[in-house]
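I am keeping short notes on what I look up in this structure.

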Amino acid sequence: MRAIRRFTVRPVLPEPLRPLGELAHNLRWSWHLESQDLFVDVDADLWEASGHDPVQLLGAVSSARLDQLAADRRFLRRLDLASADLDEYLTGDRWYQSLPGGKPEQIAYFSPEFGITSVLPQYSGGLGILAGDHLKTASDLGVPMIGVGLLYRQGYFVQSLSKEGWQQERYPVLDPDGLPLTLLREADGSPATVTVGLPGEHNLVGRIWVAQVGRVPLLLLESDEEASGAGRDVTDRLYGGGGEHRVLQEMLLGIGGVRALRTYARLTGTPDPEVFHTNEGHAGFLGLERIRELTAERELDFDTALELSRAGTVFTTHTPVPAGIDRFPRELIEQYFGADDVTKAVPVDRILGLGAETYEGGDPGVFNMAVMGLRLAQRANGVSRLHGVVSRDMFSGLWPGFEAPEVPITSITNGVHAPTWVAREVFELGAREGSEELIEQARGWDAVDRISSRAIWDTKRALRRKFVEDVRTRLRESWLNRGGTPAELGWIDNVLDHDVLTVGFARRVPSYKRLTLMLRDPERLKSLLLDPERPIQLVIAGKAHPADDGGKRLIQDMVRFADDPAVRHRIVFLPNYDISMAQPMYPGCDVWLNNPLRPYEACGTSGMKAALNGGLNLSIRDGWWDEWCDGNNGWAIPSAEGVEDPDRRDDLEAAALYDLIENEVAPRFYDSDADGLPIRWIEMVRHTLKSLGPKVLASRMVRDYVQQLYTPAAVTSRALNDNFTGATDLAHWKQRVREAWPSVRVDHVESSGVGDSPEIGDTLSVAVYTSLGALSPPDVDVQVVYGLVDTGDQLAESETVSLDHTDSYEAGRHRFAGRVDLTRNGPFGYTVRVLPRHELLTSGSELGLVSWPTQVDDSHG
């Protein structure tokens, strides 16, 4: 019998147990072991049955048990300690509070998904997990941050397999009242809402739910079914629906998100953000709302408002794959941004210009969300060093005239939140020699050398055993869902062996991640799995997008191979990869496999989590691994990059993978001393922890964001916000420079000081004669670009020196001069150029304007 309405009844806790409710509704419990232990002691069986969900636990525990706990003095003492610890965590000074002045008073972090804990399923993959780790770490470091996202009533999907191994999706409806969320309310008790205007006099209305992530509030907007009319289904599913549906979601996230921040600040007294961080282009419309605020409410012109908004905005791109970028039909944007509420003071043609692909090869019929994000942010970054290189090349068309290395996109390599991902057993092992400074200050990793080889090996073996039991439980559930019966599933009791080299592979299943690369030679893989002396075992997991039949076929191919009775005790595919599966998987694997098609992995943080648990990486040198693989903290799979035939490339890289496992990985794992310890393997584990531990932490990542992006953005934003005169002046200056730039040219170059055989220590003197038109010398930076040259006279590893203005001639003509010291031997070359210069630009390339010599008269003496 089906209910016509569903809702959650929350328990009323006895007064002595009220702090339990506070602990349950602050998601710090998800990475705080002492809080988790407290919930276990409420009712261990219910804790397991709830999926480690304290809200569900407290809703299911009996009144009798609650009364018993309310009278248990020992439990109440522990509860008081936990409550006091949380209070100190929320209010005490931390790393951020020790920083000097200039840092932002508040930072807003926008993302379409957040992976905080499995009990709040609002994530699909790495983007959401990263966003969750970012908020948790900001909380741990005391960074004043507010997260902004959407609350999807059906979340992402629950994955299962058909009997034939085909991915199936199920979308259970979530009840916000049963989640660790609080509805934001007005002073009169009514729900606080935001409204976004839509065409046809419709409105998109959103309620604001708050998830408390330690010190960081996370605002999640849910479209109001009754009030929204045409927008009622907007927040149904993460990454669901077609283009129009996605536009509505992103309007609610960006425009509604800014309005939610204003509402939250009004109701709570929280400061308005100084810096807005856009995590990928999905939230890019936030910049339009900030411009609207400034034009409609502060009566500023569009260009001044654009400068103010840009100064305080950081944009992070997360994909080197063009298909991963939202690109909407131009007419769809024009349709939805015709509503007065959105564009009353923001002309539609200016909006369309922000997302236009105006570069060579761009499509004039689309609106590109990443392009808009870059144009609306003064500071942008990729998420690994290699991804920064790829991003600068990918978006170089927005800065014509500049080589890719000078495109103003920097990089901050991702990191992971160790308290979430490191196993309790590993923490306990490290606690005997290390301290919390390993996590919070990224120091003290040499303490790993003081831990005995026996302790390291026994810990990893215990974690492998624990993981094997978890795999068997999940595999049995999967087979029952596929139609198996208990009587025919006895073989699962012998799946995997806790003493066999265990390799993990788990991630989303787009084609470039190459789930089935290991199946290129099935017989070779079987021989590795069934080797009588040095076998390996594989645990594989991952979801394909519901609309990606190609990805689903890859999963089916893997499942069919794993179903083979000859190898099914050595290879497993587990459906429904999520946080709860990942947490025992990373510690339980000895090797973490990653074989993307280089360079399409932006960062890839799963291997970082494995490394923090003493796992060794076996990966293509892509993303973060290209940056930090040193040859002793894992293995680099040779890439056949440059081979044009994709099948040939896959064959070559699969063969290299098989060879590494057979000839290097497995022998090192099984080569034991007289005490049964694989000493060379354990030394690699030590080196992994010491070399990668300080680098892969999200505490390092968030500190980098604060120091390299957030604080400079806040400083620039304040400079422009001083009575808005700075922003107005900057906007007018940019307009004047753009109008005058066609008249800027290099007329003549003179050089002296070096003969026909220059030597190190010589000085090259350069004088450049320029025509600046309506501009004056302070408006420009005349530079010498110099360095070693290749056989085609292309500058490599170039450097620049700015020249001084020395003379002015007839109207608009000027002389600039300076010196270059020759400090490197080899073939040397130089050129000159003119760039715009202003103290509030982040780089000379920001405007995309440059003047190079063209058939210039170059004389030397």
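**Notebook: helix pairs, cores, a lysine**

I worked from a predicted model. I looked up helix H17 (residues 424-431) and helix H19 (residues 453-481) and found that they pack at an angle of about 165°, with their axes 10 Å apart. Angles over 145 degrees count as roughly antiparallel, and H17 and H19 are therefore roughly antiparallel to each other. I noted their crossing as right-handed.

Next I listed the residues that make this contact. From H17 they are Glu425, Val426 and Leu429, and from H19 they are Ala455, Ile456, Thr459, Leu463 and Lys466. Sorted by class, the contact of H17 with H19 holds five nonpolar residues, one polar residue and two charged residues.

I then took helix H8 (residues 243-268) and helix H9 (residues 286-297). Their axes come within 7 Å and cross at roughly 55°. That angle makes H8 oblique to H9. The crossing of H8 and H9 is right-handed.

On the H8 side I wrote down Gly254, Ile255, Val258, Arg259 and Arg262, which meet Leu286, Glu289, Arg290, Arg292 and Glu293 in H9. How do the residues of the contact of H8 with H9 divide by class? I have three nonpolar, one polar and six charged.

**Nonpolar cores**

In soluble globular proteins, nonpolar side chains tend to be buried together. I looked for such groups here. The largest nonpolar core has 100 residues, and those touching the most other members are Met518, Ile540, Ile571, Leu618 and Trp681.

Setting aside its neighbours within four places in sequence, Met518 is in contact with Phe505, Leu525, Leu538, Ile540, Met558, Leu593, Leu657 and Tyr658. There is also a second, separate core of 88 residues, which includes Val194, Val346, Leu376 and Leu764.

**Lys552**

My last entry is on a lysine in helix H21 (residues 549-562), namely Lys552. Is Lys552 buried or exposed? Buried means under 20% relative accessible area, and Lys552 has 6% relative accessibility, so I count Lys552 as buried.

I also checked what surrounds this side chain's residue. Not counting residues up to four places away in sequence, Lys552 touches Trp166, Gln167, Glu169, Ala544, His545 and Pro546. Glu169 is one of these contacts, and I noted it as a charged residue.

Methods
Residues numbered from 1 in each chain as written. Predicted model: local features only at pLDDT ≥ 70, side-chain atom pairs only at ≥ 80, totals over all residues. Heavy atoms only, no water. Axes fitted to C-alpha atoms, helices over the stretch in contact; angles between N-to-C directions. Helix = DSSP H or I, 4+ residues; strand = E, 2+ residues; numbered from the N terminus. Parallel < 35°, antiparallel > 145°, perpendicular 65-115°, else oblique. Left-handed = near helix turned anticlockwise from the far one by under 90°. Contact = heavy atoms within 4.5 Å. Core = buried A, V, L, I, M, F, W, Y, C linked by side-chain atoms within 4.5 Å. Buried < 20%, exposed > 50% of the residue type's maximum accessible area, 1.4 Å probe, protein only.
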